[in-house]
Amino acid sequence: QVQLVESGGELVQAGASLRLSCAASVRTTTNYAMGWFRQAPGKEREFVAAITWNGGRTSYENSVKGRFSISRDNAKNTVYLQMNSLKPEDTAVYYCAQRRDMYRSNYLSADRNHYTYWGQGTQVTVSS
């Protein structure tokens, strides 16, 4: 069973930067795409970013392009989300997720239903 543990969320002011981490419990995670999603109060969980198994391709939601960067270190079974120029509208619980299919694929999906394993989330709050 894959376990994902996010960390790095906190309360910051607008314009600040944060780096979220997602550590996986098993080595097999390195063979699959990973994604970051977020959920604000009263809203549906939405796609933020995704990365292929080897880091060769990335994908971003339009509102975070140019501000957020997803990366992974397979030697550490860890995926990161670097968030710069944070805005109050970025406030949400951030979740990392892993696909269980598409072994070593270069395909990236923004559909949360394509991801099987989820972490418990980490809160990011951006004050104005």
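1. Order of elements. From the N terminus on, the chain runs β-β-β-β-β-β-β-β-β-β-β. That is 11 strands and zero helices. Please keep in mind that this is a predicted model.

2. Overall size. The radius of gyration is 14 Å, close to the 14 Å that the globule rule gives for 128 residues, so the chain is as compact as a globular protein of that length. Along its principal axes, the C-alpha trace spans about 40 × 30 × 25 Å.

3. Surface and interior. The accessible surface comes to about 6500 Å². Carbon and sulfur atoms account for 44% of that surface. Buried residues make up 45% of the 128 residues.

4. Contacts along the sequence. Take the contacts between residues at least 6 apart in sequence. Of these, 61% join residues at least 24 apart.

5. The open sheet. Four strands form an open sheet in the order β1-β3-β8-β7. The pairing is antiparallel. At the edges are β1 (4-7) and β7 (68-73), each of which pairs on one side only. From one strand to the next, the twist averages 15°. Strands of a sheet pair through backbone hydrogen bonds, either parallel or antiparallel.

6. The β3 and β8 pair. Strand β3 covers residues 18-24, and strand β8 covers residues 78-83. Six bridges hold this antiparallel pairing. Which residue of β8 stands opposite L20? It is L81.

7. The loop into β8. N77 sits in the loop between β7 and β8. Its phi is near 55°, a positive value in a residue other than glycine. N77 has a relative accessibility of 15%, so it counts as buried; the cut-off for buried is under 20%.

8. How many of the seven residues of β9 are buried? Six are, so β9 is largely enclosed by the rest of the structure. The strand covers residues 92-98.

9. Partners of β9. Strand β4 runs antiparallel to β9, and six bridges join the two. Strand β11 is also antiparallel to β9, with three bridges. Strand β10 is joined to β9 by two bridges, again antiparallel.

10. Residue pairs in β9. V93 is the bridge partner of Q39. V93 also stands opposite Q123 in β11. Further along, A97 stands opposite W118 in β10.

11. T29 lies in the loop between β3 and β4 (34-39). Is T29 buried or exposed? It is buried, with a relative accessible area of 3%. The side chain of T29 makes a polar contact of 3.0 Å with the side chain of Q98. Leaving aside neighbours within four places in sequence, T29 is in contact with V2, A24, M34, R72 and Q98.

12. The loop between β9 and β10: S109. S109 belongs to this loop. S109 counts as buried, at 3% relative accessibility. A polar atom of the S109 side chain lies 3.0 Å from the backbone nitrogen of D111. Which residues does S109 contact, leaving aside its neighbours within four places in sequence? They are F47, A50, R99, H114 and Y115.

13. R104 is partly exposed, with a relative accessible area of 43%.

14. The segment after β11. S128 lies in the segment after β11 (122-127). At 86% relative accessibility, S128 counts as exposed. Not counting residues up to four places away in sequence, S128 touches A14 and P88. S128 and N84 are 44 residues apart in sequence. In space, their C-alpha atoms are 15 Å apart.

15. What to take away. The chain has 11 strands and zero helices. One group of strands is the open sheet β1-β3-β8-β7. Strand β9 is largely enclosed, and its antiparallel partners include β4, β11 and β10.

Terms used. Residues are numbered from 1 along each chain as its sequence is written. This is a predicted model: local features need pLDDT of at least 70, side-chain atom pairs count only at pLDDT 80 or more; totals for chains, interfaces and linings use all residues. Side-chain values use heavy atoms; hydrogens and water are left out. Two strands pair if DSSP finds at least two bridges between them. Axes are lines fitted to C-alpha atoms, for helices over the stretch in contact, and angles run from 0 to 180 degrees between N-to-C directions. Buried means under 20% relative accessible area, exposed over 50%, partly exposed in between (1.4 Å probe, protein chains only). A polar contact is a pair of N or O atoms within 3.5 Å; within protein, one must be able to donate a hydrogen and the other to accept it, and residues adjacent in sequence count only if both atoms are side-chain atoms. Contact means heavy atoms within 4.5 Å. The radius of gyration is taken over C-alpha atoms; the globule rule is 2.2 Å times the number of residues to the power 0.38. Accessible areas come from the Shrake-Rupley method with a 1.4 Å probe; for residues, only the protein chains shown count as cover.
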